Amino acid sequence: MARTFDLAIRGATVISDGALPRDVLIRGGRVAALVEPGAADADEEIDARGLYALPGAVDAHVHFNEPGRTVWEGWERGSRGAASGGTTTVVDMPLNSLPPTLDGVSFDAKRAAAERSSVVDFALWGGLVSADRPPLRELAERGAVGVKGFLCDSGVPEFPSLPGAALGDALAAAKATGLLVALHCEDEALVREATTAALRQAPRDLDAWSSSRPVEAERRAVARACAAAKATGASLHVVHLSSAAALDVVALSRSAGVDVSVETCPHYLVFDDDDLRRAGAALKCAPPIRSSREREALWEALLGGRIDLVASDHSPCAAESKQAPDAFAAWGGVTGVQSLLPSMLSAALRRAAGTPDPAAILGFIAWRLAARPAQRLGLWPRKGRIAAGSDADIVLLDVRQKWTLEPAALETRSGQSPYLGRTFRGLIHATLVRGRIVYRDGRSVADPGYGRFVRPDRG
Ligand SMILES: [Zn+2]
């Protein structure tokens with residue numbers, strides 16, 4: 001008897017342990033098999049000839065702010081942005097929602113909000129604000145991918161940082177509960193000192209803002225985080241690294257047996273301080289956008305495998321929060337969930353200009369934006385790959401086509417993005433989550449609440 005399948009994606013070049021022309025057969029929301037083109041029948045078909053099939057991106061770092069600051073973003077708009085940009089799983093940070101995700105009750109509230117509205121699958125980070133173990137146990141039991149903490153001011157009053165000895169105690173508590181620790185690494189004392197110096201100069205512009213958050217503050221904080229991870233045995237994930245300067249410390253720690261991974265963001269790889277001056281507060285973030293020299297060093301580290309993954313750190317706000325009277329008062333955060341995969345693919349293709357076959361570039365994108373984040377957060381092999389048994393989270397795209405991100409196409413709520421007006425190479429034709437199309441030809445087509453919660457499997 002012939003085997004039956006729900007869906008066959010026919011004729012695409014599938015990025016999965018290489019690049020091969022395969023039909024992707026889907027049953028029950030999962031990839032059932034990759035077969036020679038035309039080798040099997042299915043109830044429905046998608047003609048994907050001429051397209052690449054890539055695993056959907058797993059965005060390890062977004063702030064959708066719901067419940068609480070939903071006017072800044074929210075699960076429905078944020079997840080529609082993710083789907084249209086080829087991201088099929090988002091991992092939401094414990095702040096700037098209200099309440100912040102610090103215990104079982106707030107975790108349940110966040111999960112319920114996402115289950116009502118998200119069109120893509122999601123996982124959740126909890127917060128690490130003290131060494132108090134009961135709330136950490138609640139987060140671990142409920143399936144948090146890990147907990148996030150700050151070595152400097154978090155930017156919101158309800159989410160305290162981990163000063164002095166508090167860091168080691170908090171890491172020990174996270175280790176005891178089996179939770180991965182994500183840290184925002186900027187040294188508080190050095191930032192304060194540099195801020196005082198910067199504010200002495202007029203005007204309070206974005207150059208002054210950048211000089212208030214020097215590379216050395218990041219390097220010093222990464223060193224402190226690695227030392228605390230070594231002392232406690234905690235697993236560490238350095239979020240949004242802006243400069244390659246800290247990577248020597250990371251490499252030394254790894255060779256000493258510390259379990260540490262590193263994330264960077266498209267905005268540090270695509271923009272430099274000239275762009276910051278042009279784009280204004282839309283590109284304000286912490287750590288700040290650096291020089292073109294720093295950007296090139298970061299690319300070298302990413303291509304050389306010294307950076308594990310790229311995530312958007314999508315952190316929008318209400319438009320007026322970016323229009324503050326001076327750069328220091330404006331909200332820091334970049335709107336970027338929709339442009340994660342497009343911006344990285346375009347930038348990587350441009351760098352490889354002259355290479356006739358883009359498959360290697362697509363493999364690099366699939367590794368750094370899908371496979372590696374899924375692995376690090378315990379979501380692999382269910383997420384992050386196109387292979388038998390995995391969820392059928394698939395992006396179909398044409399690398400020959402160019403397109404421009406117009407304001408009307410921006411799905412996310414703030415209406416601002418430093419990527420508006422930018423032309424990308426690689427047009428996404430469709431995004432599938434668990435075998436169902438959630439975005440197709442410019443339109444988000446999933447019902448709110450289609451997205452499901454994904455728990456890490458650390459077995
Ligand atoms: Zn963030």
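Here are some questions and answers on a predicted model, covering its domains, zinc site, pocket, cavity and a hairpin.

Reader: How many Å separate the centres of domain 1 and domain 2?
Author: The domain assignment puts domain 1 at 7–47 and domain 2 at 58–380. Taking the centres over C-alpha atoms, the separation comes out at 34 Å.

Reader: Which spacing do the donors of the zinc ion follow along the chain?
Author: Start with who the protein donors are: His-61 and His-63, each through NE2, plus Asp-313 through OD. They lie 2.1 to 2.2 Å from the zinc ion. Written along the chain, the spacing is H-x1-H-x249-D.

Reader: Are His-61 and His-63 buried or exposed?
Author: Both histidines give NE2 to the zinc ion. The cut-off to keep in mind is that buried means under 20% relative accessible area. By that rule, His-61 and His-63 are both buried.

Reader: Which element gives the largest share of the lining of the largest pocket?
Author: That pocket holds about 560 Å³ of space. Its lining has 28 residues, and the closest to the centre are Asp-153, Ser-154, Gly-155, Ala-286 and Gly-332. Two elements give two or more residues to the lining, strand S12 (147–150) and helix H5 (188–200). The largest share, four residues, belongs to H5.

Reader: How many charged residues are in the lining of the largest pocket?
Author: Sort the lining by class and you get ten nonpolar and eleven polar residues. Asp counts as charged, and Asp-153 is among the residues closest to the pocket centre. The charged count for the lining is seven.

Reader: How many charged residues are in the lining of the largest cavity, and which?
Author: The count comes to one cavity of 30 Å³ or more, and the largest has about 30 Å³ of space. Its lining includes Ala-282, Cys-317, Lys-322, Thr-335 and Gln-416, and divides into four nonpolar, five polar and one charged.

Reader: In the hairpin of S4 and S5, which residue takes a positive phi?
Author: Strands S4 (residues 23–27) and S5 (residues 30–35) run antiparallel and are joined by five bridges. Two residues sit between the strands, and the one with a positive phi, near 60°, is Gly-28.

Definitions and conventions. Residues are numbered from 1 along each chain as its sequence is written. This is a predicted model: local features need pLDDT of at least 70, side-chain atom pairs count only at pLDDT 80 or more; totals for chains, interfaces and linings use all residues. Side-chain values use heavy atoms; hydrogens and water are left out. On a 1 Å grid over the protein atoms alone, a cavity is a set of points where a 1.4 Å probe fits but cannot get out, and a pocket is an open set with protein on both sides within 12 Å along at least five of seven lines; lining residues have an atom within 4 Å of a point. Grid points are joined across faces, edges and corners, and a volume is the space filled by probe spheres set on the points. Donors are N, O and S atoms within 2.8 Å of the metal (3.2 Å for Na, K and Ca); water is not among the atoms, so sites may look incomplete. Buried means under 20% relative accessible area, exposed over 50%, partly exposed in between (1.4 Å probe, protein chains only). Domain bounds come from an automatic or database domain assignment. Two strands pair if DSSP finds at least two bridges between them.
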